[in-house]
Amino acid sequence: MFLNMKTHREIMALQVKCRHRESGCSWIGGLRELESHAEEECQEVQIVCKNSCGELVRRAGLKEHQDSFCPKRKMKCPNCKEMLIFDQLEDHENNICLMKLVNCHLCEATVQKDQINKHLAEEGEEACPKAVVPCKYYKLGCKYKCERERMKNHLSTATVSHTDLLLENSKSNDMHINQLKAQVKDLRDNKLSTELFYRVIDPACA
């Protein structure tokens, strides 16, 4: 059936309600505006999330979904500030991010993840008091090890043995120095003997 233009205009001007009225949309307008209303304005229309999470969301709640609930929304790591997809954030924090704050397994101090080894090994106020460290005279022969916070007591009670180690090391160094001096002298004497030999067999070398 073909309608004349007047009839068509009259039909398209008929007042209709939004097809999503049962979901809460109270829009009423001309029939010709119904499709554009649904495509551009209706807050009850289900729209596919633009973050590619695959979810259908009411237009009215789309921004909140994309900003706060979408598993594919972009977020900054709270530690290193790298921009990530939300569903990758947990793995990033637990296994990748070096700036995450962690607790030292010995003293429970809060330390940046990439600084934990330094915290355990370094000296100073920030060093872990519970880390087991060797005596500072370890290379001289003292094999004692204890928690860093107890090392001060060891150093104060073992001064005699440490002094003996220092003296033994000094003697050893003196012997080594004397040996080196003797080797240098032998090398110098050998050089002089060689030069003298060539001078005898070939006066032109003199």
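What follows is a tour by residue, with what to look for at each stop.

Before you start clicking: this is a predicted model, in which local features need pLDDT of at least 70 and side-chain atom pairs count only at pLDDT 80 or more, while totals for chains, interfaces and linings use all residues. Numbering runs from 1 along each chain as its sequence is written, and side-chain values use heavy atoms, with hydrogens and water left out.

**Stop 1**

Select His 119, in helix H5 (residues 116-121). Helices here are DSSP runs of H or I with at least four residues, strands are runs of E with at least two, and both are numbered from the N terminus. Is His 119 buried or exposed? It is buried, at 5% relative accessible area. The scale is: buried under 20%, exposed over 50%, partly exposed in between, using a 1.4 Å probe and protein chains only. Show the backbone of Glu 126 too: its oxygen sits 2.8 Å from a polar atom of the His 119 side chain. Beyond four places in sequence, the residues that His 119 touches include Cys 104, Cys 107, Cys 128 and Arg 148; contact means heavy atoms within 4.5 Å.

Now jump to His 65 in helix H3 (residues 59-69). His 65 is buried as well, at 7%. With neighbours within four places set aside, its contacts are Cys 49, Cys 53, Glu 55, Val 57 and Cys 70.

**Stop 1: the cysteines**

Colour by accessibility and you'll see Cys 25 as buried at 14%, and Cys 53 as partly exposed at 22%.

**Stop 2: helix H6**

Select residues 148-157, helix H6, and pick out Arg 148, Met 151 and His 154, which are buried. Look down the helix axis: the buried residues fall within an arc of 75 degrees, so they line one face. That arc is taken over the directions from the helix axis to the C-beta atoms. On the other side of H6, Lys 152, Asn 153, Ser 156 and Thr 157 are exposed.

**Stop 3: salt bridges**

The whole structure has six salt bridges, each a side-chain nitrogen of Lys or Arg within 4 Å of a carboxyl oxygen of Asp or Glu.

- Arg 58 and Glu 44, with closest N and O atoms 2.9 Å apart. The pair joins strand S4 to the loop between helix H2 (34-40) and S3, 14 residues apart.
- Asp 87 and Lys 72, at 2.8 Å. Asp 87 is in helix H4 (residues 86-96) and Lys 72 in the loop between H3 and S5, 15 residues apart.
- Lys 130 and Glu 149, at 2.7 Å from N to O. Lys 130 belongs to the loop between H5 and strand S9 (132-134), and Glu 149 to helix H6, 19 residues away.

**Stop 4: two loops**

Finish with Ser 52, in the loop between strands S3 (46-48) and S4 (56-58). Ser 52 has a positive phi of about 65 degrees without being a glycine, and it is exposed at 63%. Lys 81, in the loop between strands S5 (74-76) and S6 (83-85), has a positive phi of about 70 degrees and is exposed at 52%.

Conventions. Polar contact = N/O pair within 3.5 Å; in protein donor to acceptor, adjacent residues only side chain to side chain.
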